[in-house]
Amino acid sequence: MLAEEIKNSTAVPKSVVLQLARDVEETVACPILEYSPLLNDDDLKEIIAAGLTENALVSVARRETVSEDLADDVAATLEIPAVAALLANPNAQIREETLDSIIDQAREVKSLHRPLAMRPSLSIRAMKRIAGFVASALVHHMINANALENDAAENILERVRARIMSERVDDTEAQRLLEQARDYHARGMLDDAFIVNGIENNQRELLIQCLGVMADIDAKVVRQILHSKSGRAVTALAWKAGLSMRTAFQIQTELALVSPSQLVAAKNGETYPLDDSEMVWQLSYFTE
């Protein structure tokens with residue numbers, strides 16, 4: 001209770017604040033570590049060096065202001081939740097060299113992929129590195145968060161498309177996924193929620209088979225459409241599969257990686273902007 005009451009105060013003895021910040025009980029230490037204006041960088045660096053619990057370190061990473069030196073110390077602990085909190089903190093100043101080190105570690109640590117991709121003010125170089133391993137669903141989020149111009153965005157998207165092409169499953173796995181998709185379809189499980197969940201969980205190959213079953217189109221054609229870079233073709237595929245325009249837009253951005261300049265947006269925020277005849281024509285380009 002004392003820690004909560006004085007966490008924002010400047011009118012208490014600093015010795016008291018330091019004692020509370022070092023308390024072994026997280027409920028005592030964490031509020032002070034996250035909010036106290038009396039703790040400077042030297043204090044916090046010394047406390048980190050002495051050893052902190054995972055949650056206490058997260059509290060430091062969430063402070064209203066985190067300097068480059070303090071961010072270096074947090075990142076150096078290699079505590080994943082604290083590094084994730086540091087990346088998610090828009091007021092944390094992170095050196096390019098420190099970010100490079102985090103990117104190196106994050107390749108095999110999935111829980112760092114989203115906070116990395118959503119980090120504001122990333123350099124083009126950092127975004128290219130991050131795009132080399134994060135799920136395709138995160139790439140458009142990263143592009144939007146950093147307001148990239150079309151040419152720069154397309155350059156990154158092309159790299160991701162190339163990576164995805166190299167990660168395709170073999171024929172045996174593709175057949176297994178097709179049978180799984182057919183089973184889901186027979187049980188009435190394939191709907192907007194299923195597709196969105198699959199996108200968010202990076203189940204790309206399964207989704208290709210599911211979209212094929214839903215739209216009654218061969219999976220090879222589905223793959224061609226997704227790789228076409230055409231927002232209109234991808235929108236037509238979603239329409240044929242019986243999905244909502246909202247889901248169609250998510251397929252464009254997060255599964256097909258359509259360039260921002262080629263995206264097809266919903267009409268009035270929710271309906272398909274293309275008429276049925278154009279949808280059919282778009283699909284005929286791939287199916288005839």
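Contact, in this talk, means heavy atoms within 4.5 Å. What we have is a predicted model, so local features need pLDDT of at least 70 and side-chain atom pairs count only at pLDDT 80 or more, while totals for chains, interfaces and linings use all residues. Residues are numbered from 1 along each chain as its sequence is written, and side-chain values use heavy atoms, with hydrogens and water left out.

I will start with Arg163. Leaving out residues up to four places away in sequence, Arg163 touches Ala131, Gly132, Phe133 and Val134. Arg163 sits in helix α12, residues 150-166. Helices here are DSSP runs of H or I, at least four residues long, and strands are runs of E, at least two long, numbered from the N terminus. Is Arg163 buried or exposed? The relative accessible area is 15%, so Arg163 is buried. The cut-offs are under 20% for buried, over 50% for exposed, and partly exposed in between, with a 1.4 Å probe and protein chains only.

Which backbone oxygen does the Arg163 side chain reach at 3.0 Å? That of Ala131.

Next, Asp72, in helix α6, residues 68-76. Asp72 counts as partly exposed because its relative accessibility is 23%. Apart from neighbours within four places in sequence, Asp72 is in contact with Arg95 and Thr98. The side chains of Asp72 and Arg95 are joined by a polar contact of 2.3 Å. Asp72 and Ala153 are 81 residues apart along the chain, and their C-alpha atoms are separated by 29 Å.

Another arginine is Arg223, in helix α16. Arg223 counts as buried because its relative accessibility is 10%. Arg223 touches Arg168, Glu205 and Ile208, again not counting residues up to four places away in sequence.

Now the cores. In soluble globular proteins, nonpolar side chains tend to be buried together. I call a nonpolar core a set of buried Ala, Val, Leu, Ile, Met, Phe, Trp, Tyr and Cys residues joined through side-chain atoms within 4.5 Å. How many residues are in the largest nonpolar core? It has 58, and Leu33 and Leu116 have the most contacts inside it. Helix α7, residues 80-88, gives the most to this core, with six residues. Apart from this core lies another, of 42 residues, among them Ala215, Leu237, Ala241 and Met245. As for Leu33, beyond four places in sequence its contacts include Ala21, Leu39, Leu44 and Ile47.

Helix α19 covers residues 276-287. At 1.5 Å a residue, its 12 residues should span 16 Å, and the end C-alpha atoms are 16 Å apart, which agrees. The expected span is 1.5 Å times one less than the number of residues. The buried residues of α19 are Met279, Gln282, Leu283, Ser284 and Phe286. What covers them includes α16 (219-226) and α17 (231-240).

Ala265 is in the loop between α18 (245-255) and α19. Ala265 is partly exposed, with a relative accessible area of 47%. Not counting residues up to four places away in sequence, Ala265 touches Met245, Phe249 and Pro273.

On a 1 Å grid over the protein atoms alone, a cavity is a set of points where a 1.4 Å probe fits but cannot get out; a pocket is an open set with protein on both sides within 12 Å along at least five of seven lines; lining residues have an atom within 4 Å of a point. Grid points are joined across faces, edges and corners, and a volume is the space filled by probe spheres set on the points.

The largest pocket has a volume of about 320 Å³. Its lining has 16 residues, of which Ala174, Gln209, Asp218, Ala219 and Lys220 lie nearest the centre. Which helix gives the most to that lining? α13, with five residues.

There is one cavity of 30 Å³ or more. The largest cavity holds about 40 Å³ of space. Two or more residues of its lining come from each of α11 (136-145), α14 (192-200), α15 and α18.

Note on methods
A polar contact is a pair of N or O atoms within 3.5 Å; within protein, one must be able to donate a hydrogen and the other to accept it, and residues adjacent in sequence count only if both atoms are side-chain atoms.
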